[in-house]
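Please keep the sequence and the model at hand while reading.

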Amino acid sequence: RTTLHAANVGDLPDSNRRRELLSAPFLALIATSASSPVNAFGAKKKAADYKAVASDIASIVKDDPDKGPTLVRLAWHSSGTYDKMSKDGGSGGGTIRFREELAHGGNAGLGSTAVVWLEDVKKKYGDSLSYADLYTLGGVVAIKELGGPTIKWSSGRVDALDPSAVTPDGRLPNADSGPAGSDPSDAAHLRTIF
């Protein structure tokens with residue numbers, strides 16, 4: 001089990017965007033763990049060096065701090081699809097990498113930004129690192145690099161092998177529907193989701 005910690009909130013830069021980002025209720029969602037990763041034959045896979053993975057992600061954010069909030073959004077959106085009633089969705093399968101889930105309204109823009117930015121990290125660590133762990137760790141590291149609170153994170157999420165595990169669209173607010181208040185359907189959509 002790997003746990004990473006972020007910096008103190010007191011070190012947070014004076015930025016409304018970052019303050020809102022760090023106060024979001026998704027912090028617990030991206031910190032949950034899953035079973036130990038296994039390969040197709042049921043044998044345990046060698047785990048990635050998660051501190052090295054975190055360092056590689058931190059470099060992405062240090063090189064361009066504006067990427068941090070988008071990495072947090074990717075972590076939130078990969079986790080926020082969990083449905084308590086059907087017990088499916090969430091970050092466990094890394095399904096947000098599939099074009100079927102990236103096409104969901106709430107995920108607008110993630111396929112050409114955060115998913116692409118993390119692909120070199122995934123290639124570097126290969127099968128020892130699941131996309132599901134990469135995307136959630138990306139959010140945790142981005143929050144740390146932005147000066148946010150301590151977030152416990154555990155590895156062990158296992159990727160879905162194909163898009164059949166993608167949840168139906170509509171579990172997250174649409175990112176492509178314009179600013180809140182621009183259309184009466186925006187408020188109705190948020191009430192339905194939350």
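The sections below go from the chain as a whole to individual helices, residues and cavities.

## Basis of the model

The model is predicted; local features need pLDDT of at least 70, side-chain atom pairs count only at pLDDT 80 or more, and totals for chains, interfaces and linings use all residues. Residues are numbered from 1 along each chain as its sequence is written, and side-chain values use heavy atoms, with hydrogens and water left out.

## Overall architecture

The secondary structure consists of seven helices and zero strands, in the order α-α-α-α-α-α-α along the sequence. Helices (H or I, at least four residues) and strands (E, at least two) are DSSP runs, numbered from the N terminus.

The chain has 194 residues, of which 46% count as buried. Buried means under 20% relative accessible area, exposed over 50%, and partly exposed in between (1.4 Å probe, protein chains only). The chain exposes about 10100 Å², and carbon and sulfur atoms supply 53% of that area; accessible areas come from the Shrake-Rupley method with a 1.4 Å probe, and for residues only the protein chains shown count as cover. Among contacts (heavy atoms within 4.5 Å) between residues at least 6 apart in sequence, 76% join residues at least 24 apart.

Helix α2 covers residues 50-63, and its 14 residues should span 20 Å at 1.5 Å a residue; the end C-alpha atoms are 20 Å apart, which agrees. The expected span is 1.5 Å times one less than the number of residues in the helix. The buried residues of α2 are Tyr50, Val53, Ala54, Asp56, Ile57, Ala58, Ile60 and Val61. The buried residues of α2 pack against α3, α5 (114-125) and α6 (131-145).

In α6, 13 of the 15 residues are buried, so this helix is largely enclosed by the rest of the structure. Gly147, which follows α6, has a positive phi near 85°.

Thr70 belongs to helix α3 (residues 68-79). Thr70 counts as buried because its relative accessibility is 16%. Apart from neighbours within four places in sequence, Thr70 is in contact with Leu110, Thr113, Ala114 and Trp117.

Lys87 is located in the loop between α3 and α4 (99-102). With a relative accessible area of 61%, Lys87 is exposed. The phi of Lys87 is near 55°, a positive value in a residue other than glycine. Most residues other than glycine have a negative phi.

The model contains two cavities of 30 Å³ or more. On a 1 Å grid over the protein atoms alone, a cavity is a set of points where a 1.4 Å probe fits but cannot get out, and lining residues have an atom within 4 Å of a point. Grid points are joined across faces, edges and corners, and a volume is the space filled by probe spheres set on the points. The largest cavity holds about 50 Å³ of space.

Thr81, His104, Gly106, Asn107, Pro168, Asp169, Gly170, Arg171 and Leu172 form the lining of the largest cavity. That lining divides into two nonpolar, five polar and two charged residues; Ala, Val, Leu, Ile, Met, Phe, Trp, Tyr, Cys and Pro count as nonpolar, Asp, Glu, Lys and Arg as charged, and the others, Gly among them, as polar. Leu172 lies in the loop between α6 and α7 (184-193) and counts as buried, at 5% relative accessibility. Leu172 and His104 are 68 residues apart in sequence and 8.6 Å apart in space, C-alpha to C-alpha.

Terms used: On a 1 Å grid over the protein atoms alone, a cavity is a set of points where a 1.4 Å probe fits but cannot get out, and a pocket is an open set with protein on both sides within 12 Å along at least five of seven lines; lining residues have an atom within 4 Å of a point.
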